[in-house]
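Please keep the sequence and the model in view while reading.

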Amino acid sequence: QVQLVESGGGLVQPGGSLRLSCAASGSIGSIDRMGWYRQAPGKQRELVAVLNTGGTTNIADSVKGRFTISRDNAKNTVYLQMNYLKPEDTAVYYCNANIRATSVIYYETYWGQGTQVTVSS
């Protein structure tokens with residue numbers, strides 16, 4: 001059983017910072033890409049930032065220069081450092097990863113349960 005567990009969300013004032021963490025656990029064989037998506041009320045889920053195995057990243061234009069994604073392969077954990085937060089960053093943030101469990105030979109996509117980020121004064 002593989003699962004992703006997020007932490008680090010909360011309420012922050014505009015201009016503030018938060019750091020999200022997502023740890024993968026269970027019978028993990030290998031992990032390909034890891035990243036973050038978000039979904040605001042009434043909107044579709046959108047990509048925030050993804051870190052690929054080769055080290056390349058995909059980052060949404062709306063967060064470039066403010067958010068940084070990083071990964072600790074030894075801990076199977078991905079982080080999202082969010083600086084200069086804006087009210088429009090308010091959303092539920094979901095961790096996403098492509099993981100091959102030890103019992104299979106293919107990769108599957110896993111999602112975390114989501115963590116709420118609210119930016120408000």
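**Strand pairing and surroundings**

Strand 4 (residues 28-39) and strand 9 (residues 91-101) are paired in the antiparallel sense over nine bridges. Strands here are DSSP runs (E, at least two residues), while helices are runs of H or I with at least four residues, both numbered from the N terminus; two strands count as paired if DSSP finds at least two bridges between them. Within this pairing, Q39 stands opposite V92 of strand 9, and M34 stands opposite A97.

The model is a predicted one, in which local features need pLDDT of at least 70 and side-chain atom pairs count only at pLDDT 80 or more, whereas totals for chains, interfaces and linings use all residues. Residues are numbered from 1 along each chain as its sequence is written, and side-chain values use heavy atoms, with hydrogens and water left out.

Strand 4 also runs antiparallel to strand 5 (residues 46-51), to which five bridges join it. One of the facing pairs is Y37 with L47 in strand 5. The two strands form a hairpin with six residues between them, and G42 in the turn has a positive phi of about 80°.

A hairpin through six residues connects strand 9 to strand 10. How many of the eleven residues of strand 9 are buried? Nine of them are buried, and the strand is mostly covered; buried means under 20% relative accessible area, exposed means over 50%, and partly exposed lies in between (1.4 Å probe, protein chains only).

Attention now turns to the loops. Most residues other than glycine have a negative phi. Y84, although not a glycine, has a positive phi of about 50°; this residue lies in the loop between strand 8 and strand 9 and counts as exposed because its relative accessibility is 58%. N76 likewise is not a glycine and has a positive phi, near 50°. Its place is in the loop between strand 7 (67-72) and strand 8 (77-82), and its relative accessibility of 25% is why N76 counts as partly exposed.

T56 lies in the loop between strand 5 and strand 6 (57-59). Its relative accessible area is 49%, so T56 is partly exposed. Leaving aside residues up to four places away in sequence, T56 touches V50 and L51, a contact meaning heavy atoms within 4.5 Å. T56 and N76 are 20 residues apart in sequence and 17 Å apart in space, C-alpha to C-alpha.

The whole chain can now be considered. It contains zero helices and eleven strands. Its radius of gyration is 14 Å, close to the 14 Å that the globule rule gives for 121 residues, so the chain is as compact as a globular protein of that length; the radius is taken over C-alpha atoms, and the rule is 2.2 Å times the number of residues to the power 0.38. Buried residues make up 42% of the 121 residues. Among contacts with a separation of 6 or more, 56% come from residues 24 or more positions apart.
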